[in-house]
Amino acid sequence: MRGLIEEDYTTKEGEFVINIGPQHPSTHGVLHLKVWLNGETIIKIQPHLGYIHRSIEKMSERLSYRNFIFATSRMDYLAAHINNEACALAVEKGLQIEATPRAKVVRTILSELTRLSSHQLWWASTGLDLGAVTPFFYAFREREAILDIMDETCGARLTQNYMVPGGLMNDIHPNFQKRTKEVLKQIKEKFKEYDDILTGNVIFINRTKGVGYLSKEDALSYGVTGPTARASGLSCDIRKWAPYSAYPSVDFEEILDTEGDSYSRYLIRMKEMKQSVSIIEQLIDNIPEGDFQEKTKNVIKLPKGEFYQRVETPRGELGVYIVSEGMSSPYRIKYRSPNFSNLSVLPTIAKGYKIGDLVAIMATIDLVIPDIDR
Amino acid sequence: MKSVILYSLSGFSTYIHNLLSSNIGNNLILLITELTIIGITLLISLVLLCFFLGWMERRVAAFMELRLGPNRVGPQGTLQIVADTVKLLFKEGLTPSKSDKFLFNLAPFIVVVAAMMAIAPLAFAKNFSIFDINIGVLYVSSVSSLSVLGVLMAGWSSYNKYSLLGAMRSGAQIVSYELSVGLSLIAIVVLSGNTSLGEIINSQQNGWWIFKGHIPAIIAFVIFIIASTAEINRAPFDLAEADQELTGGFNTEYSGMKFAMFLLAEYINLFVVSAMGATLFLGGWMPFHIGNWESFNQIMDYIPSFVWFMGKTFLIIFIIMWFRWTFPRLRVDQLLKLEWKYLLPISMINIILITLIAIMGWHF
């Protein structure tokens, strides 16, 4: 593996190496990109990982099936809820139980709220990366409202830790439905504002259109998933292909585009936000009454075997692979994180563009670094 | 016109001159004393101005971004920037070990001096400019282009690739946009037939050039605003700094007071270009008059000329701040394309139109 990454490259005349990261404003974390440049043009990129490795997978081997779920909140911290849900679903698969109908619907609503808040943060940072500071504050206004709902119902804003095998940890807050509807109303009004300040801006379109072209073939061979792949015309929405929780019962569109450039990736996410709003609207008035948690044993032991569950996070497909030896903690856990695969395509699609474009490409791939390293 | 003279600052400056000359016999010493007084006054007022601009920028940004901005230190947060400056004064000014120390330390001074020199011919009020040189327009445009030297020095001497990239971007950018700024300045020189800023203002007594020069003057004004924003390295043309790409560009390695001097220069430059825009296109300190509305015009005359000048300047400053906080940044090739493919050809055609207007006497 090491030989594969550290492929020898002799710097030619007129080229020089620049290290973007691990501390750099537009890598959004401790990603280190070694970039060979000729003037401003990118010749080659080498991502270096490992600056935020916390061995979450190894740690999980010592944790019980209830506890390891919460370690995943720290992977893709913008979609902590969805990570938790994936693990809970995997454990449920092993136990051969299903969450209660109420828990399923609430999980889906919270997942979509998470997706909304994550996409809003992505929108904010995309503007920031391209030099427009104001969108950041616009998006955070709505994101705060969503996080307040999370705070009220889950007890935490970012690392919700609300999922347990069999359902939810607690019942939803009495205000949950009312507040969610209020927030949705606010968000729907503000979509136009988002479009006014960034989507239609001629400088923004020039910066992103035709930049960082990702072909469908490349997306497929690099394992790119999520909105990044869907912008290249690759249908890969797990919510459609392998529906889980309450997704089979809701009506929504998988947004696809064929352009494959940064602007297309941008538009996909903007449209996905509207889809998320629509999904929540379908479910929010139809939360079934009943238990919020299926009865499980105090000490969960999964039968011997291998269990795999995949979910759609805001950044793509997250897979949880559990190998069980029949003990109270997993024998081995492997996460297939969307960001790792999405990052792997960066050197290919950024080649030949300018430094400014690299920032735009990284922004529209929407990388969350702790998810890459785990 | 009586009322305008009422608010002229020339009486004040004449009074000081008379006071000094009655006490100091030697002409040379008198000159030196007067120059020192002007220099110190200028320095203090420029620093105060930059404090105000810094505060204004933060408040304008906050206004655009649904925030409050600094509002704790002093009334409405006006002293926040003073506190920040004091902090910067006490910070250690690091010099990278492999840098070219002489150039590294010289660069901020060159940038600031170039910015301050451009203040000289500006008329802040009626009959109140430091040095109304007869080639004022030429002087300002040439002196303000000196700052690129400082930026290049800073980028080169920092021994940092980000800085170097920033400096190279800045060099290409300032050299290119100089052309458009120059051509839009020439538009007014052609219309007024004068290069002295005082004379240009006087030629706008019966109407500002932006109104008198038909559409070409408006085009020249818009090009001037765009190109001068690029020339002073402000967003959306702040490629030389580009925090998100180059982590600060040419000033990456600067800290403490040396860094503050780049900020100081940026704000002085902002003021200079806005003041130039106000002087050339919006009539400098000339009050706003409408045709034959005698009573309205008289009320306008009662507003001091200094207020008129500052009002117009700050209007332009506000516009420049406005689009700094709204637009994304251009890419380096798009920046050059904008200048060479759009702004320059448009300004060239515009110059022909303006010349035609001036020769035929079509302007009002």
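Select helix H7 of chain A, residues 176-199. Helices (H or I, at least four residues) and strands (E, at least two) are DSSP runs, numbered from the N terminus. H7(A) bends by about 30 degrees at A:Lys190. The bend at a residue is the angle between axes fitted to the seven residues ending there and the seven starting there. This is a predicted model: local features need pLDDT of at least 70, side-chain atom pairs count only at pLDDT 80 or more, and totals for chains, interfaces and linings use all residues. Residues are numbered from 1 along each chain as its sequence is written, while chains are lettered from A and ligands numbered from 1 in the order in which they are written.

Stay on H7(A) and colour its buried residues: A:Thr180, A:Val183, A:Leu184, A:Ile187, A:Tyr194 and A:Leu198. A residue is buried if 20 or more other C-beta atoms lie within 10 Å of its own, exposed if 12 or fewer, and partly exposed in between, with C-beta atoms placed from the backbone. An α-helix has 3.6 residues a turn, so residues three or four places apart point the same way. Now show what covers those buried residues. The cover includes helix H5 (101-129), helix H6 (134-154), helix H8 (202-208) and helix H12 (262-284) of chain A.

**Into helix H12**

Pick A:Ser264, which lies in helix H12 of chain A. Is A:Ser264 buried or exposed? A:Ser264 is buried, because 25 other C-beta atoms lie within 10 Å. Leaving aside neighbours within four places in sequence, A:Ser264 is in contact with A:Ala231, A:Asp257 and A:Glu259. Contact means that the C-beta atoms of two residues, placed from the backbone, lie within 7 Å. Draw a distance to A:Tyr213, 51 residues apart along the chain from A:Ser264. Their C-alpha atoms are separated by 9.6 Å.

**Two open sheets in chain A**

Next, show strands E1, E2 and E3 of chain A. They form an open sheet in the order E1-E2-E3, with antiparallel pairing. Two strands pair if DSSP finds at least two bridges between them. The edge strands are E1 (15-20) and E3 (41-48), each pairing on one side only. Neighbouring strands are turned by 20 degrees against each other on average, direction ignored. E1(A) and strand E2 (residues 32-38) of chain A are joined by 6 bridges and run antiparallel. Zoom in on A:Val17, whose bridge partner in E2(A) is A:Trp36.

Move to the other sheet, an open one of 3 strands in the order E6-E7-E8 (chain A), also with antiparallel pairing. Its edge strands are E6 (305-313) and E8 (332-336), each of which pairs on one side only. The twist averages 15 degrees from one strand to the next. Axes are lines fitted to C-alpha atoms, for helices over the stretch in contact, and angles run from 0 to 180 degrees between N-to-C directions.

Select strand E7 (residues 316-324) of chain A. It is joined to E8(A) by 5 bridges, and the two run antiparallel. Opposite A:Val323 stands A:Arg332 in E8(A). Opposite A:Val320 stands A:Tyr335 in E8(A). Which residues of E8(A) are on its covered face? They are A:Ile333 and A:Tyr335, while A:Arg332, A:Lys334 and A:Arg336 make up the uncovered face. In a regular strand the side chains alternate between the two faces of the sheet.

**Two positive phi values**

Jump to A:Asn161, in the loop between H6 and strand E4 (163-164) of chain A. A:Asn161 is not a glycine, yet its phi is positive, about 50 degrees. Most residues other than glycine have a negative phi. A:Asn161 counts as partly exposed, because it has 17 C-beta neighbours inside 10 Å.

Then select A:Asp366, in the loop between helix H15 (355-365) and helix H16 (369-373) of chain A. Phi of A:Asp366 is also positive, near 65 degrees. A:Asp366 is buried, with 27 other C-beta atoms within 10 Å.

**Across to chain B**

Finish by showing both chains. Here 22 residues of chain B are in contact with 27 residues of chain A. On the chain B side, helix H8 (161-192), helix H12 (243-246) and helix H16 (332-360) each supply at least two residues.
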